[in-house]
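Work through the following exercises with the sequence and the three-dimensional view side by side. Try each task on your own before you read its solution.

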Amino acid sequence: MGIVTAYGVTEPHGAFTKLDLERRDLDQNDVLIKIAFAGICHSDIHTVRGEWGQITFPMIPGHEIAGIVEAVGPGVTKHNVGDRVGVGCFVDSCRECENCLSGWDNYCLKRNTGTYNSVDKYGMPTAGGYSSHIVVDENYTLSIPDGIGLDVAAPLLCAGITMYSPLAHWGTGPGKNVAIVGLGGLGHVGVKIARAMGAEVTIMTRSNAKEADAARLGASRFIATSAPDALEGLRNTFDLIVNTISSGIDVNHYLSTLRLHGAMVNVGVPTEPYTVPFGFLAGGQKSLAASAIGSIRETQEMLNFCATHGIGADIELISAHQIDDAYDRVVASDVRYRFVIDAATF
Ligand code: NAP
Ligand code: ZN
Ligand code: ZN
């Protein structure tokens with residue numbers, strides 16, 4: 001392929017700058033994608049700011065990618081030039097472990113290849129969606145149905161699947177009571193998906209300012225967790241809690257709101273390990289679980305589901321030069337509800 005334009009950081013605590021990036025020539029099964037939109041996930045921020053350990057530079061993040069196929073390798077059968085496609089959090093996996101073979105490549109036993117901050121099978125560092133183009137094996141691309149705009153589809157590639165997967169796995173549907181903790185990028189898509197699956201949805205957020213939004217997104221109950229007695233009266237209420245926040249949460253408090261056989265599933269990555277007394281789970285055969293994104297197969301299922309139900313993310317579209325400011329605003333929970341970068345500005 002050659003040199004393309006990207007935005008990344010070149011040193012710890014550095015600002016985003018425009019960079020040249022080498023993308024590989026198309027291999028047999030590769031697809032060249034002209035990126036149209038790239039979402040900003042809070043995981044990009046954790047990674048770039050070194051909160052998840054050492055990173056390599058230049059760091060070009062972005063794993064919520066939507067665009068158009070510009071060229072295909074000779075062996076490609078899944079896409080044609082002009083197709084609307086997406087790329088999520090990983091771009092390869094071993095394809096032969098038990099989890100890959102059973103369609104759970106997000107849980108590849110040999111670890112999948114991250115869209116950024118990883119090394120691919122060619123020995124090259126991977127670079128993500130804050131760039132004009134990306135080259136990806138067709139087995140790790142998604143088709144974006146016509147019913148969803150590419151801009152509001154981009155965040156579904158991480159936020160959408162990260163919520164869809166646990167909601168589906170834990171049986172969300174009519175008659176189920178589901179709580180989503182944290183109304184951010186993940187949380188707001190989670191409310192829409194859980195509602196579309198037929199569940200009653202409660203949103204738990206620190207901020208009273210989001211009450212009207214919670215109702216608009218489909219929540220039938222709003223709990224402001226900043227109030228000291230916020231969870232009182234909610235004992236034995238929820239079949240499933242999906243927690244999107246990463247710090248400042250006492251999970252034991254929330255476990256008491258689960259019903260018999262209920263589960264609390266964390267997708268927010270905790271900064272500290274949890275300590276949970278036996279009785280908080282044993283009294284009701286409850287589970288405390290965690291979930292990481294979703295497989296390629298399930299991500300396609302999620303995109304099709306979202307198209308059927310008219311679900312996209314609520315986005316604030318920004319230009320490349322606004323990325324640093326957007327990061328600060330995400331950390332301050334000052335985004336409604338996902339920043340998406342217009343790739344034409346890279
Ligand atoms: P986000 O847009 O920043 O939303 C997080 C929400 O958490 C905020 O909107 C806020 O909602 C709430 N919150 C509670 N305490 C907070 C605090 N001290 N600081 C900031 N926000 C706080 O982030 P996101 O992109 O949804 O990601 C959420 C978490 O999930 C991150 O840790 C991210 O790394 C992780 N993640 C995990 C996966 C996975 O596969 N497991 C995938 C993607 C992201 P309220 O104001 O409503 O309380
Ligand atoms: Zn993400
Ligand atoms: Zn594998």
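**Exercise 1.** Does arginine 195 count as buried, partly exposed or exposed, and why?

*Solution.* Keep in mind from the start that this is a predicted model. Begin by locating the residue: arginine 195 belongs to helix H5, which covers residues 185-196. Next, take its relative accessibility, which is 37%. Buried requires a value under 20% and exposed a value over 50%, so arginine 195, at 37%, counts as partly exposed. Finally, look at its surroundings: once neighbours within four places in sequence are set aside, arginine 195 is in contact with Glu200, Val201 and Gly218.

**Exercise 2.** Which residues coordinate the zinc ion (ligand 3), and what is the geometry of the site?

*Solution.* First list the donors, which are the SG atoms of Cys94, Cys97, Cys100 and Cys108, at 2.3 to 2.4 Å from the zinc ion (ligand 3). Then examine the angles among these 4 donor atoms, which run from 103 to 120 degrees, and the site is tetrahedral. The step from angles to name rests on a cut-off, because four donors count as tetrahedral if all angles lie between 85 and 135 degrees. Along the chain, the donors of this ion follow the spacing C-x2-C-x2-C-x7-C. Cysteine 97 lies in the loop between strand E6 (90-92) and helix H2 (98-101), while cysteine 108, 11 residues apart from it, lies in the loop between H2 and strand E7 (113-114). Cysteine 97 counts as buried because its relative accessibility is 8%, and cysteine 108 is buried with a relative accessible area of 8%.

**Exercise 3.** Which residues coordinate the zinc ion (ligand 2), and which parts of the chain do histidine 63 and cysteine 158 link?

*Solution.* Start again from the donor atoms: the zinc ion (ligand 2) is coordinated by Cys41 (SG), His63 (NE2) and Cys158 (SG), at 2.0 to 2.3 Å. Written as a spacing in sequence, these donor residues give C-x21-H-x94-C. Now place two of them on the chain: histidine 63 sits in the loop between helix H1 (42-48) and strand E4 (65-72), and cysteine 158 sits in the loop between helix H3 (150-153) and H4, so that the pair, 95 residues apart, links distant parts of the chain.

**Exercise 4.** How many residues are around ligand 1, and which side chains have an N or O atom 3.2 Å or 2.9 Å from one of its oxygen atoms?

*Solution.* There are 29 residues around ligand 1, and those that come nearest are His42, Gly185, Thr205, Ile293 and Arg338.

**Exercise 5.** What span should helix H9 have, and why does the distance between its end C-alpha atoms agree with it?

*Solution.* Helix H9 comprises residues 296-308, which are 13 residues. The expected span is 1.5 Å times one less than the number of residues, and therefore H9 should span 18 Å; its end C-alpha atoms are 19 Å apart, which agrees. The buried residues of H9 include Ile296, Met302, Leu303 and Phe305, and what covers its buried residues includes E6, strand E9 (142-143), helix H4 (159-169) and H5. Just after H9, glycine 310 takes a positive phi of about 65 degrees.

Definitions and conventions: Residues are numbered from 1 along each chain as its sequence is written. Chains are lettered from A and ligands numbered from 1 in the order in which they are written. This is a predicted model: local features need pLDDT of at least 70, side-chain atom pairs count only at pLDDT 80 or more; totals for chains, interfaces and linings use all residues. Side-chain values use heavy atoms; hydrogens and water are left out. Helices (H or I, at least four residues) and strands (E, at least two) are DSSP runs, numbered from the N terminus. Buried means under 20% relative accessible area, exposed over 50%, partly exposed in between (1.4 Å probe, protein chains only). Contact means heavy atoms within 4.5 Å. Donors are N, O and S atoms within 2.8 Å of the metal (3.2 Å for Na, K and Ca); water is not among the atoms, so sites may look incomplete. Four donors count as tetrahedral if all angles lie between 85 and 135 degrees; four count as square planar and six as octahedral if opposite donors are over 155 degrees apart and all others between 65 and 115; anything else is irregular. A residue is near a molecule or strand if one of its heavy atoms lies within 4 Å of it.
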